Amino acid sequence: MNNREAQLKAFDRLLTIMDELRAQCPWDKKQTMQSLRHLTIEETYELGDAILDNDLEEVKKELGDVLLHIVFYAKIGSEANDFDIADVANDICEKLISRHPHIYGDVTVKDEEEVKQNWERLKLKEGKKSVLEGVPKGLPALVKASRIQDKVAGVGFDWEKPEQVWEKVQEELQELQKEVKDGNTDAMEAEFGDVLFSMVNYARFLKINPEDALERTNKKFIHRFQYLESKAKEKGKALKDMTLAEMDVFWEEAKTL
């Protein structure tokens with residue numbers, strides 16, 4: 001591993017390259033925070049994929065892409081004399097120090113849960129009107145539900161035991177089944193949302209990240225379905241011409257791989 005001097009030298013090299021690209025490259029010169037935004041989101045998802053795949057070489061590369069974007073935004077900010085990379089780094093340093101009084105102050109905590117609770121209380125003291133202000137509006141719904149529940153739990157609005165949450169899941173499922181029988185589409189959607197929200201909450205009590213769990217299932221399904229497609233192709237058949245029983249043979253094979 002590189003020592004601190006080498007790490008700082010590498011970061012300085014990146015800053016220098018960013019300066020050069022911004023001054024000389026037509027594409028880099030043209031970029032704005034708004035034009036970079038969707039690319040940053042894409043890079044973040046690619047990093048997430050690499051982490052889920054446990055591909056550490058790819059994680060390293062994707063972290064570089066995300067770091068480039070951070071440096072890019074800071075460079076654009078410096079050109080307007082709004083902020084630079086030092087301001088960005090110093091701001092997060094000050095935030096970390098103020099949010100960790102059990103490390104940099106005289107506060108005592110007994111576990112991780114107390115750290116999270118203190119974190120939310122400190123944010124309110126800093127001027128936030130609601131603990132939910134820190135949940136980005138643009139988050140995907142599943143991730144947003146998880147963050148909402150984390151936030152409110154941090155100030156004590158929470159169930160006491162996983163069994164209580166599971167009972168809530170079952171209650172919501174019964175309410176959904178009732179609306180399905182009644183055939184009310186709008187009510188079904190509302191109750192289905194309640195089921196998902198309660199399942200996300202249950203995942204939190206089980207120490208499971210629901211987004212990671214669902215993406216893991218997505219990847220598993222894709223792998224199995226692509227195996228099914230390849231086997232069908234080997235036999236010269238189109239999936240639309242196969243029976244479910246025929247497809248299920250290959251599906252079961254995929255599950256053993």
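User: Which helices each supply at least two residues of the lining of the second largest pocket?
Analyst: In this predicted model, with local features needing pLDDT of at least 70, side-chain atom pairs pLDDT 80 or more, and totals for chains, interfaces and linings using all residues, they are α7, α8 and α10. α7 gives the largest share, four residues. Helices here are DSSP runs (H or I, at least four residues), numbered from the N terminus. Residues are numbered from 1 along each chain as its sequence is written, and side-chain values use heavy atoms, leaving out hydrogens and water.

User: What makes a residue part of that lining?
Analyst: An atom within 4 Å of a pocket point; such points lie on a 1 Å grid over the protein atoms alone, in an open set where a 1.4 Å probe fits, with protein on both sides within 12 Å along at least five of seven lines. The second largest pocket has 18 lining residues, and E113, K116, R204, F205 and K207 lie nearest its centre. Its space is about 430 Å³.

User: How is that lining divided by class?
Analyst: Into six nonpolar, four polar and eight charged residues. Asp, Glu, Lys and Arg count as charged, Ala, Val, Leu, Ile, Met, Phe, Trp, Tyr, Cys and Pro as nonpolar, and the others, Gly among them, as polar.

User: What is known of the largest pocket, and which helix gives the largest share of its lining?
Analyst: α3 does, with nine residues. α3 (33-52), α8 (141-153) and α11 (210-234) each supply at least two. The pocket holds about 610 Å³ of space, and of its 21 lining residues T44, Y45, P140, V143 and E211 are closest to the centre. The lining has ten nonpolar, five polar and six charged residues.

User: Why are α9 and α10 called roughly antiparallel?
Analyst: Helix α9 (residues 162-182) and helix α10 (residues 185-205) pack at about 165°, with axes 9 Å apart. Angles over 145 degrees count as roughly antiparallel, so the pair is described that way.

User: Which residues make the contact between α9 and α10?
Analyst: With contact meaning heavy atoms within 4.5 Å, they include W166, K168, E172 and L176 of α9 and M188, F192, D194 and Y202 of α10. The contact has 14 nonpolar, two polar and six charged residues.

User: At what angle do α5 and α7 pack?
Analyst: Helix α5 (residues 85-99) and helix α7 (residues 112-125) pack at about 115°, with axes 10 Å apart. L96, S98 and R99 of α5 meet W119, L122 and K123 of α7.

Definitions and conventions. Axes fitted to C-alpha atoms, helices over the stretch in contact; angles between N-to-C directions. Parallel < 35°, antiparallel > 145°, perpendicular 65-115°, else oblique. Points joined across faces, edges and corners; volume = space filled by probe spheres on them.
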